[in-house]
Amino acid sequence: MKHRVALLGIMLSGALLVGIGAGISFWEYSSFHYLGEKVVGQEDVVTEAYRVSRDPEKEFSIEMYAGIWDGTQIEIDDTIPDDELVFELSYNEKLLSPRIHKESQDDGDEKEEFLVEAYYRGDTGMIWEEKDELLENLKNKTFYSYKASDWEGITVKMSSAAREKLRH
């Protein structure tokens, strides 16, 4: 019986210590101040132009891999031949290796499809380059949400005749 009372006392002491530790952790966490989102890697952004040829007689579409279509701009430039498209890609060269893939579809109505895609290398190393700032912020009870800069913008330039053949 004494053995069970001793074990019960040890268990209750442990539960009390866990409760105290949780309370102290919550108090410490609630004293932190959130500084917002911080984008890292913007110094590694480059802009490159990719010229691709197309059949001026066929309709075509432009697809963006992984939902990057939102920031894409279409520009009319009649100095560009009708059989060419110019993709200006602004991206973080440490994170992405972009390419433009062309496919011809023959499903009754002939159409070309251009897919902008990129090999993603991962952003963990880039974020850990900020470790000194992260540790300093933790000492000061502040923190950021870190986000790596990847796509900064995509512009597709084409002639007005080519624009008439563009289908979504």
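**View 1. Ser160 and its contacts.** In this predicted model, Ser160 touches Ile76 and Asp78, leaving aside residues up to four places away in sequence. Ser160 lies in helix H4, which covers residues 160-165. The residue is partly exposed, with a relative accessible area of 34%. That value falls between the limits of 20% for buried and 50% for exposed.

**View 2. Thr155 in strand E9.** Strand E9 spans residues 151-158 and contains Thr155. Thr155 has a relative accessibility of 15% and counts as buried. The cut-off behind that label is 20% relative accessible area. Not counting residues up to four places away in sequence, Thr155 touches Gln73, Glu75, Val86, Phe87 and Glu88.

**View 3. The Phe32 and Phe143 rings.** The structure holds 6 aromatic pairs. One of them joins Phe32 and Phe143, with ring centres 6.3 Å apart and planes at 50°, so this pair is tilted. Phe32 sits in the loop between helix H1 (2-30) and strand E1 (33-40). Phe143 belongs to strand E8, residues 142-148. The pair therefore ties together parts that are 111 residues apart in sequence. Phe32 is partly exposed, at a relative accessible area of 26%. Phe143 is also partly exposed, with a value of 26%.

**View 4. Tyr34 against Phe143.** The ring centres of Tyr34 and Phe143 are 5.3 Å apart. Their planes meet at 50°, so this pair, too, is tilted. Tyr34 lies in strand E1 and Phe143 in strand E8, so the pair links parts 109 residues apart in sequence. Tyr34 has a relative accessibility of 44% and counts as partly exposed.

**View 5. The aromatic cluster.** Phe32, Tyr34 and Phe143 form one aromatic cluster. Phe32 comes from the loop between helix H1 and strand E1.

**View 6. The whole chain, for orientation.** The chain has 4 helices and 9 strands. From the N terminus on, the elements run α-β-β-β-β-β-β-β-α-α-β-β-α. Why is the chain described as more spread out than a compact globule? Its radius of gyration is 28 Å, well over the 15 Å that the globule rule gives for 168 residues. Along the principal axes, the C-alpha atoms fill a box of roughly 95 × 40 × 20 Å. Of the 168 residues, 27% count as buried. Among contacts with a separation of 6 or more, 83% come from residues 24 or more positions apart.

**View 7. Surface and charge.** The accessible surface of the chain comes to about 11100 Å². Carbon and sulfur atoms hold 53% of that surface. The chain carries 19 positive and 35 negative charges.

Key
Residues are numbered from 1 along each chain as its sequence is written. This is a predicted model: local features need pLDDT of at least 70, side-chain atom pairs count only at pLDDT 80 or more; totals for chains, interfaces and linings use all residues. Side-chain values use heavy atoms; hydrogens and water are left out. Helices (H or I, at least four residues) and strands (E, at least two) are DSSP runs, numbered from the N terminus. The radius of gyration is taken over C-alpha atoms; the globule rule is 2.2 Å times the number of residues to the power 0.38. Buried means under 20% relative accessible area, exposed over 50%, partly exposed in between (1.4 Å probe, protein chains only). Contact means heavy atoms within 4.5 Å. Accessible areas come from the Shrake-Rupley method with a 1.4 Å probe; for residues, only the protein chains shown count as cover. Lys and Arg count as positive and Asp and Glu as negative; His and the chain ends are not counted. The place of a charge is taken as NZ of Lys, CZ of Arg, CG of Asp or CD of Glu. Rings of Phe, Tyr and Trp (its six-membered ring) pair if their centres lie within 6.5 Å; planes under 30 degrees apart count as stacked, over 60 as edge-to-face and the rest as tilted.
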